[in-house]
Amino acid sequence: MFIVGLKGSFRTRGNSNTLMATFLEKAKILGADTHCLDIPNMDISPCRGCGTCERKGFCPIDDDMQKIYPLFRKADIIVVATPVYFYGPSAQIKAVIDRSQALWSRKYIYKLTDPGMKQRKGIIISTGATKGKNLFQGINLIAKYFFDGISAEFAESITCRGMEGIDAVRKDPTAISDSKEHAEKLLLPYLKRKKVLFLCRENACRSQMAAAFAKIHSGHIIEAESAGSSPAKEVNPIMRDVMAEKGIDMAFLKPKSYSDFDYWRPDLIIQMGCGDTCPYLPGIPVEDWDLPDPAGRSIDFMRGIRDEIEEKVILLQKDEK
Ligand SMILES: Cc1cc2nc3c(=O)[nH]c(=O)nc-3n(C[C@H](O)[C@H](O)[C@H](O)COP(=O)(O)O)c2cc1C
């Protein structure tokens, strides 16, 4: 499973960042792959309200936010850590939130479903200096709409009041252990899933569709990844179109090599039908679906392969029950 964390305070060893680091360390120990983004030191412009995302489905601003969209799409859990600044998040986190309008547009204007959405959870970690009961209300309200826009369920708000100095959470008797406990509780259901790696040659069509359908139909019991033995530069645009016909959003995906999965040992490998070019990973059961390669064929052929893959994935889910 994959967790992306967004550090929202400039104070590297500050309170919210410390709680985030604790959460991610625990997640790593439990077996998650984690990636932490130092948002204040990234180049992320505020949203300009140009409307391009609503007209075209993507943000035209060429900065580090372009690296964050694919990570949001890849993540099972998105953790946002922020200090309370005037009852809201830090300006750097707010810039990320506003720029996520591009994902909101794909969901609500283009009516496209992100395959990972059913399993994705959003977590807020926040600290403030005062102790009032409304201290986190602004952040929680923003988080609710932010997580919905990026297709994540707002699962938990881990908050700590009375955190004045830079070291306050370290001195707090429960803050650090609470953060670890939250991580453990949230991760356990994810870690029980069976890991299935869908493999083909270029990871541009068949294996990408298979992983997407597995996330949609069986994400609660199967952790699906896809890869290729000789990855193409981009995913196939016709594949993207035929998946969009079914309302499935295949944006932000890049073909990957199976060697990118060194850290992730699957329980089952499903080959799409590329014969000898598929890698052999010792000790892992392999199934071959023997599907013809739709690359370079007609759009109707691609539709046929899409539907066949979906049927096979649904049967796979039944086998797992
Ligand atoms: C610009 C600014 C605005 C702040 N606004 C609030 C506030 O509205 N309420 C509050 O309780 N604390 C406020 N604080 C204090 C921080 O939320 C608090 O010190 C927090 O623990 C800092 O987190 P960090 O160590 O992760 O940066 C503010 C601090 C700054 C610098």
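## Ground rules

This is a predicted model, so a few limits apply: local features need pLDDT of at least 70, side-chain atom pairs count only at pLDDT 80 or more, and totals for chains, interfaces and linings use all residues. Residues are numbered from 1 along each chain as its sequence is written, and side-chain values use heavy atoms, with hydrogens and water left out.

## Two domains

The protein splits into domain 1 (2–191) and domain 2 (194–320), with bounds that come from an automatic or database domain assignment. Taken over C-alpha atoms, the two centres sit 29 Å apart.

At the interface, 15 residues of domain 1 are in contact with 14 residues of domain 2, where contact means heavy atoms within 4.5 Å. Together the domains bury about 1300 Å², and 55% of that is on carbon and sulfur atoms. Buried area here is the accessible area (1.4 Å probe) that two parts lose on being put together, summed over both. On the domain 1 side, Leu112, Pro115 and Gln119 lose the most area to domain 2, together 38% of what that side buries.

## Charges and polar pairs across the interface

Two salt bridges turn up across the interface of domain 1 and domain 2. The rule asks for a side-chain nitrogen of Lys or Arg within 4 Å of a carboxyl oxygen of Asp or Glu. Arg73 pairs with Asp249 in a salt bridge, and their closest N and O atoms are 3.1 Å apart. Between domain 1 and domain 2 there are also five residue pairs in polar contact, both residues at pLDDT 80 or more. A polar contact is a pair of N or O atoms within 3.5 Å; within protein, one must be able to donate a hydrogen and the other to accept it, and residues adjacent in sequence count only if both atoms are side-chain atoms.

As for who supplies the domain 1 side, α3 (65–74) and α5 (101–108) each bring at least two residues to the face that touches domain 2. Helix α3 gives the most, with three residues. Helices (H or I, at least four residues) and strands (E, at least two) are DSSP runs, numbered from the N terminus.

## Helix α8

Helix α8 (residues 175–191) has 17 residues and reaches 24 Å from its first C-alpha to its last, close to the 24 Å expected at 1.5 Å a residue. That expected span is 1.5 Å times one less than the number of residues. Ala175, Ser179, His182, Ala183, Leu186, Leu187 and Tyr190 are the buried residues in α8. Buried means under 20% relative accessible area, exposed over 50%, and partly exposed in between (1.4 Å probe, protein chains only).

## Two buried loop residues

Pro255 sits in the loop between α10 (237–245) and β8 (268–271), and with a relative accessible area of 13% Pro255 is buried. Leaving out residues up to four places away in sequence, Pro255 touches Glu202, Asn203, Gln208, Pro231, Ala232, Lys233, Glu234 and Val235.

Ser151 is in the loop between α6 (137–149) and β5 (153–160). At 6% relative accessibility, Ser151 also counts as buried.

## Salt bridges elsewhere

The whole structure holds 22 salt bridges. One of them joins Arg193 to Asp76, with the closest N and O atoms 3.6 Å apart. Arg193 lies in the loop between α8 and β6 (194–200) and Asp76 in the loop between α3 and β3 (77–83), so the pair ties together parts 117 residues apart in sequence. Both Arg193 and Asp76 are buried.

Glu245 and Arg306 meet in another salt bridge (3.4 Å, N to O). This pair links distant parts of the chain, with Glu245 in helix α10 and Arg306 in helix α11 (residues 299–320), 61 residues apart. Glu245 is partly exposed at 42% relative accessible area, whereas Arg306 is buried at 7%. Asp300 and Arg303 form a salt bridge too, their closest N and O atoms being 2.7 Å apart. These two are three residues apart in helix α11, which means about one helical turn separates them. Asp300 counts as exposed at 53% relative accessibility, and Arg303 as partly exposed at 24%. Finally, salt bridges that share partners join Arg73, Arg106, Asp114, Arg120 and Asp249 into one network.
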